[in-house]
Amino acid sequence: MSDTATVSALPTSTPSLTELARESETTFVLALFTTLSGKPCAKLVPVQAIGRLERDGVGFAGYAAGMMGQEPRDPDLIALPDPASFTPIPFVRPGLALVHCTPHVEGEPWPFAPRVILQRTLARAAALGYAVNVGAEIEYFLVDRASGRLATADAADVSAQPCYDARDVTRMYDHLTEVSAAMNALGWGNYASDHEDGNGQFEQNFDYADAMTTADRVITARYLLSVLAEKRGMTATFMPKPFTDRTGSGMHLHLSLWRDDAPLFPGADPQGLGLSPLAYSFLAGILDHACALQGVIAPTVNSYKRTGATSTTSGATWSPRRATYGGNDRTHFLRVPDGNRVELRGADGSANPYLAAAATIAAGLDGVERAAHPGPLGASAAADLPMTLVHAMDALEADPVLTAALDIAGPGVAAYFAQAKRAEFFAWHNTVSDWEIDTYLTAF
C-alpha cells in the first residue's frame, strides 16, 4: 500500500455494460458472484445478450451454488451486474470479460450474499463519515498432483529457505510475468512478484483501493491465478496450509479510514507508531473482537493448521497465535508498518474477501464508536486465538458485534454460517486420517 496515493474522485457516471463490452471488443462475459464460502459462481453470457444481463440479471439456483442460505424450494438468485466491476480478461480467452454481480431474490438484495454484506457495511461506515481503503496480499502455492500426491510444481524448488530466492523466481518467470502483465493491463498497479517462505509459494502485490474494489479484485485475482496456472499444467491453491512442514498462505489485509480523500490514520503518537487516536480505536476494536473475527477470516478446518503451527522448515510460521499489536513486526496479529494503515495478519487464503473486509471493518468501527484503546505495546493480556474452527464458531456466535456484522442485511446469516462451519469441522473430525493410522494401528 503506497504511503502517498489518494483515492481518485468517482466518475460522475459509469458507462453501461453494453458500452463497456463494445469498447473492449468483448464477445462473452462471465457474470460472477461468490458464495459465503468464497466459491466463484458464474454463467457465461454471450455479448448478444448483454442488454438482457444488464437489465434483468441472470438466474441461479442458490441451493445448487452452495452456501447461499437457500433450500431447493427457494426462488432463484438473480445476479445483477455491477458495471463498475467490468473486467476484460482476453489473456484468459480472447474476447472474454468478467463482471461482479450482486445477488437479489424477488427484487431485494439477498442478505446471505457476501457482496451485499460488504455493501451494507460500507454504507454504515459512510454514515459515520468514513471511507474505507483496503489492500490485500494474496499468497498461494503452485502445486502438481499428477503423481498422485501433492508436490511442488517446480521440482527444483527444494531449498530449506527459499523466500525471495532469485533462481526460484526466475524458473517461474513465465507464470509470474503473465500474471503481472494481466494485473497491470487491468490498472491494478502490480508492483512486485516474489517467492514466499514455503517451497512453491508465491505472491503478487497490487495497489490498494476502496474496500469493494479490492474485494472484487481478490476474487478476480484468484480466478486469474488459477486459470493461468492451469495453462502451464500447474494448480494454484489458496488453501491455508497444504503442507505440514511449510509456512501457510495468508491473505493479509491493510486497512485505513479516510474522509474527503484525506487519510485519518496518521497522527502524533507518543507510542511512536505514527497513529492518530482514531486509528488506535479502530485497531482496538479489531483486537477486542479478534477471536470471533477468526471465524470469518480463517474459516476452514485447515486454517487452524496454519495459525496453530509451531515450526516450519524455514524456522518461522508468519502467522499470529495471539491477538497482539505492534509496529513493523510480522509476529503480531495487527502490524503497523507506518502511520497510514494497519495490517491484519490473521486472515488466510480461504477467507471470502467480502466477508473478511466487512467483519474487520465492523470490528474496527465498534472500537471507534467506543473510543477504545488497545493498551500499551507489548501488553500481556492479549487473547489466545481459537485453536480450531469449532472454537472460532463458538467465539463468533458469542460476539454480538460480529454476528450483527454478518446479519447486517438480514437476520440468520451468522447462525447459518456458524452451523455450516461446524458441520464442516465434524465432517473432517469423523474422517480417519493417515496420522491416526500411523499413530494408533499397532499402539495397543
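Rings of Phe, Tyr and Trp (its six-membered ring) pair if their centres lie within 6.5 Å. The legends below describe close-up views of a predicted model.

**View A. Aromatic pair Phe265–Phe282.** The structure holds 13 aromatic pairs. In the pair of Phe265 and Phe282 the ring centres are 5.6 Å apart and the planes stand at 55°, so the pair is tilted. Phe265 sits in the loop between strand E15 (262–263) and helix H8 (277–288), while Phe282 belongs to helix H8, so the pair ties together parts that are 17 residues apart in sequence. Phe265 is buried, at 0% relative accessible area. Phe282 is buried, with a relative accessible area of 0%.

**View B. Aromatic pair Tyr440–Phe444.** Tyr440 and Phe444 form a stacked pair, at 6.0 Å centre to centre and with 15° between the planes. Tyr440 counts as partly exposed because its relative accessibility is 39%. Phe444, at 84% relative accessibility, counts as exposed.

**View C. Ring cluster and charges over rings.** Trp110, Phe112 and Tyr416 are linked into a cluster by ring pairs. Lys43 lies over the face of Phe60, at 5.3 Å from the ring centre. Arg222 lies over the face of Phe238, and here the distance from the ring centre is 5.9 Å.

**View D. Helix H14 and its buried side.** Helix H14 (residues 413–429) has 17 residues and should span 24 Å at 1.5 Å a residue; its end C-alpha atoms are 24 Å apart, which agrees. The buried residues of H14 are Val413, Ala414, Phe417, Ala418, Lys421 and Phe425. These residues cover an arc of only 125° around the axis, which puts them on the same side of H14. They pack against helix H4 (114–127), helix H9 (290–297), helix H11 (353–369), helix H12 (389–397) and helix H13 (400–406).

**View E. Helix H12 and its packing partners.** In H12, the buried residues are Leu389, Val390, Ala392, Met393, Ala395 and Leu396. Against them pack H9, helix H10 (303–307), H13 and H14.

**View F. The largest nonpolar core.** In soluble globular proteins, nonpolar side chains tend to be buried together. The largest nonpolar core in this model has 124 residues. Those with the most contacts inside this core are Leu118, Tyr223, Leu257, Phe333, Leu344 and Ile361. Helix H7 (residues 211–231) supplies the largest share of the core, twelve residues. Leaving aside neighbours within four places in sequence, Tyr223 is in contact with Leu30, Ile89, Val92, Leu96 and Leu98.

Definitions and conventions:
Residues numbered from 1 in each chain as written. Predicted model: local features only at pLDDT ≥ 70, side-chain atom pairs only at ≥ 80, totals over all residues. Heavy atoms only, no water. Helix = DSSP H or I, 4+ residues; strand = E, 2+ residues; numbered from the N terminus. Expected span 1.5 Å × (residues − 1). Buried < 20%, exposed > 50% of the residue type's maximum accessible area, 1.4 Å probe, protein only. Arc of directions from axis to C-beta. Contact = heavy atoms within 4.5 Å. Core = buried A, V, L, I, M, F, W, Y, C linked by side-chain atoms within 4.5 Å. Phe/Tyr/Trp six-rings, centres within 6.5 Å; stacked < 30°, edge-to-face > 60°. Lys NZ or Arg CZ within 6 Å of the ring centre and 35° of its normal.
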